[in-house]
Amino acid sequence: MIMNRIRFILSAMMAGVLIALAGTIYLSVKSENAVLGAFLFGFGLLTVVSLDYKLYTGRIGYIIDQPKSYIIDILWIILGNVLGSLLIASIVHLGQIEVVINGAIDLVDYKLAKDFWTMFAQSILCGMMMYLGVDGFKRAPNDVSKVVINIFAVVIFILAGFEHSIANIYYFFLANIWSFHTVLWFVLMLIGNGIGSVLLNLIEKVGKLKKV
């Protein structure tokens with residue numbers, strides 16, 4: 001039982017590591033080519049779904065299909081994702097990779113300046129894109145369409161400025177900007193991502209749109 005829980009958390013931690021690594025390359029090239037950075041970020045989600053690691057934004061949408069105890073799994077997933085993000089942020093700070101750190105500071109300042117409803121709406125929209133990217137990967141009929149759907153879901157949410165809770169907690173760690181505002185925004189993004197993802201799953205469920 002304990003070992004299963006440890007493996008569960010380590011899987012979530014690996015998902016956090018992958019999203020953080022994707023965020024690192026995104027920050028490295030963002031100022032010169034934001035589109036390229038968005039495509040490269042797609043590596044993170046594509047690897048997560050290919051290896052079946054436990055990412056909050058890839059799992060929360062299915063909470064309506066699971067028993068009530070699934071909420072405990074979600075909390076462990078968030079913890080693992082945060083720990084994975086913290087690990088990569090610590091390594092980046094150890095290496096004093098200024099282009100990444102300074103990029104995160106600028107990005108976090110921009111995100112914290114958004115108003116409540118903008119942040120909430122953009123978090124919901126990101127949750128929708130993540131559901132489409134993950135569920136599309138599961139249901140697409142061939143490998144090419146799986147990859148295209150998954151990567152473009154990421155590219156769209158980044159270029160549209162939607163807010164991804166796990167990517168942003170990594171940026172918060174990098175920028176080292178902490179306040180009640182920062183924590184509130186993280187919780188708001190978690191809720192928004194969850195609502196967006198669950199909403200699309202619910203629509204498909206009610207309409208019986210998923211092919212068995």
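This is a predicted model: local features need pLDDT of at least 70, side-chain atom pairs count only at pLDDT 80 or more; totals for chains, interfaces and linings use all residues.
1. Helix α7 counts 17 residues and spans 24 Å between its first and last C-alpha, close to the 24 Å expected at 1.5 Å a residue. After α7 comes Gly-161, whose phi is positive, near 80°.

2. The buried residues of α7 are Ser-145, Lys-146, Asn-150, Ile-151, Ala-153, Val-154, Val-155, Phe-157 and Ile-158. The list takes in Lys-146 and Asn-150 as well as Val-154 and Phe-157. The cover over these buried residues includes α1, α2 and α6.

3. Trp-117 and Phe-120 make another aromatic pair, which is edge-to-face, with 5.9 Å between centres and 65° between the planes. These two residues are three apart in helix α6 (residues 116-139), so about one helical turn separates them.

4. The charged end of Arg-5 sits over the ring of Phe-8, 5.1 Å from the ring centre. For Lys-138, the charged end sits over the ring of Tyr-62, and the distance to the ring centre is 4.0 Å.

5. Helix α4 covers residues 70-94, which makes 25 residues, and reaches 36 Å from first C-alpha to last, close to the 36 Å expected at 1.5 Å a residue. Its buried residues are Tyr-70, Ile-74, Ile-77, Ile-78, Gly-80, Asn-81, Val-82, Gly-84, Ser-85, Ile-88, Ala-89 and Val-92. Against which elements do the buried residues of α4 pack? They pack against α1 (2-29), α3 (56-59), α5 (98-112), α8 (165-175) and α9 (180-207). Following α4 is Gln-96, which has a positive phi, near 50°.

6. The largest nonpolar core has 66 residues. Those with the most contacts inside it are Leu-27, Phe-41, Tyr-56, Phe-157, Tyr-170, Tyr-171 and Leu-174. Two or more residues of this core come from each of α1, α2, α4, α5, α6, α7, α8 and α9. In soluble globular proteins, nonpolar side chains tend to be buried together. Tyr-171 touches Gly-23, Tyr-26, Leu-27, Phe-41, Ala-104, Leu-107, Val-108 and Lys-111, with residues up to four places away in sequence not counted.

7. Leu-40 is placed in helix α2. At 34% relative accessibility, Leu-40 counts as partly exposed. Leaving aside neighbours within four places in sequence, Leu-40 is in contact with Ile-25 and Val-29. The C-alpha atoms of Leu-40 and Val-154 are 9.4 Å apart in space, and the two residues are 114 apart in sequence.

8. Gln-122 belongs to helix α6. With a relative accessible area of 16%, Gln-122 is buried. Which residues does Gln-122 touch, not counting those up to four places away in sequence? They are Lys-114, Gly-161, Phe-162 and Glu-163. Gly-161 is also the residue with positive phi that follows α7.

9. Leu-112 is found in helix α5 and counts as buried at 14% relative accessibility. Apart from neighbours within four places in sequence, Leu-112 is in contact with Phe-172, Ile-177, His-181, Thr-182 and Trp-185. Between Leu-112 and Asn-201, which are 89 residues apart along the chain, the C-alpha separation is 29 Å.

Note on methods: Residues are numbered from 1 along each chain as its sequence is written. Side-chain values use heavy atoms; hydrogens and water are left out. Helices (H or I, at least four residues) and strands (E, at least two) are DSSP runs, numbered from the N terminus. The expected span of a helix is 1.5 Å times one less than its number of residues. Buried means under 20% relative accessible area, exposed over 50%, partly exposed in between (1.4 Å probe, protein chains only). Contact means heavy atoms within 4.5 Å. Rings of Phe, Tyr and Trp (its six-membered ring) pair if their centres lie within 6.5 Å; planes under 30 degrees apart count as stacked, over 60 as edge-to-face and the rest as tilted. A charge sits over a ring if NZ of Lys or CZ of Arg is within 6 Å of the ring centre and within 35 degrees of the ring normal. A nonpolar core is a set of buried Ala, Val, Leu, Ile, Met, Phe, Trp, Tyr and Cys residues joined through side-chain atoms within 4.5 Å.
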